[in-house]
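Please keep the sequence and the coordinates at hand while reading.

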Amino acid sequence: MDRSFRRTFGQLQSVFEFTNEFTQIHAISERVRYVLDLAVEELFTNMVKYNPSGKGDIHMHLSFDKKEVLVQITDPDSDPFDVSKQRSVDLKRSLEERKPGGLGIYLVQKLVENLQYEHQNRTSIISFRLPLE
Amino acid sequence: MFEIKITDQGDVVLSGRLDAAQTDKAMEVLGRINESAKVDFKELQYISSAGLGVLLATQKRLSQSGKRLKLINMSKHIRDVFHFARFDMIFEIE
């Protein structure tokens, strides 16, 4: 399944309608749906936040086989930002020192499998897999 | 659909989905909390890092006056997110 979304947080509802349609068609478990929604939200909002005036919509492709969900998110106008690269998020800091920055990408890295990033001609392509249990 | 309300006892009840498009609404209500309070997650289906950030900011503000949030009735999926983010070290989760 494929769909494109404008670069605004207001599109999140449409993004979730898209993932909901996909998970219902394939009878995907609640747990996998949660991780799919979380990963897609974190990556989509990251693209919107750091390049709100970029040209072109953000495109999502979801596919399914019996063992896993495959996700690809494409931003056609972006500076390189490798979301698969490990970044320093110090989770052991005290409450006073903790900051939410970077947490979303960290969670994506923890929760999905085979997270990959490509950047060419200003186009970023992020892909990952979600095993079905 | 995300809803947040404060009960007569001063506790917070969350329901629906707390995503990045809902943080202003959550922050506006949580900003009214000035005492230690329970936050009931029973009807909350989903939270992302944006929602975690709102709770973190509230916990930081309350801690300056020795107050804190206690999170209750969390689903397994949400509890897992708190665990991966190590937010279970910052909040008391019942």
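Predicted model: local features only at pLDDT ≥ 70, side-chain atom pairs only at ≥ 80, totals over all residues.

Which residue stands opposite Tyr117(A) in β5(A)? The residue is Ile126(A). Residues are numbered from 1 along each chain as its sequence is written, chains are lettered from A and ligands numbered from 1 in the order in which they are written, and side-chain values use heavy atoms, with hydrogens and water left out.

Chain A holds three helices and five strands, where helices (H or I, at least four residues) and strands (E, at least two) are DSSP runs numbered from the N terminus. Read from the N terminus, its elements follow the pattern β-α-α-β-β-α-β-β. Of the 133 residues in chain A, 44% are buried; buried denotes under 20% relative accessible area, exposed over 50%, and partly exposed in between (1.4 Å probe, protein chains only). Among the contacts in chain A with a separation of 6 or more, 66% join residues 24 or more positions apart, a contact being defined by heavy atoms within 4.5 Å.

The five strands of chain A form an open antiparallel sheet in the order β1-β2-β3-β5-β4. Two strands count as paired if DSSP finds at least two bridges between them. Because β1 and β4 (113-120) of chain A stand at the edges with a single partner strand each, one side of each has no neighbour in the sheet. On average, neighbouring strands of this sheet are turned by 15° against each other, direction ignored. Axes here are lines fitted to C-alpha atoms, for helices over the stretch in contact, and angles run from 0 to 180 degrees between N-to-C directions.

Within this sheet, β3(A) and β5(A) (residues 123-131) pair in the antiparallel sense over eight bridges, and Glu68(A) stands opposite Pro131(A) in β5(A). On pairing with β4(A), β5(A) forms six bridges, again in the antiparallel sense. β4(A) and β5(A) make a hairpin with two residues between them, and Asn121(A) in the turn has a positive phi of about 50°. Arg122(A), in the loop between β4 and β5 of chain A, also has a positive phi, of about 65°, although it is not a glycine. Most residues other than glycine have a negative phi. Arg122(A) counts as partly exposed because its relative accessibility is 37%.

α1(A) lies across β1, β2 and β3 of chain A and runs at about 15° to β2(A). α2(A) packs on the sheet, touching β1, β2, β3 and β5 of chain A, and its direction makes about 165° with that of β5(A).

Chain B has an open sheet of five strands in the order β1-β2-β3-β4-β5, with mixed pairing. Its edge strands are β1 (2-6) and β5 (92-93) of chain B, each of which pairs on one side only. β4(B) (residues 69-72) and β5(B) pair in the parallel sense over two bridges, with Leu71(B) opposite Ile93(B). Helix α1(B) (residues 23-30) lies across β1 and β2 of chain B, at about 5° to β1(B).

The largest nonpolar core has 67 residues, and those with the most contacts inside it are Phe41(B), Ile47(B), Leu52(B), Phe82(B) and Phe87(B). Such a core is a set of buried Ala, Val, Leu, Ile, Met, Phe, Trp, Tyr and Cys residues joined through side-chain atoms within 4.5 Å. α2(A) gives the most to this core, with 11 residues.
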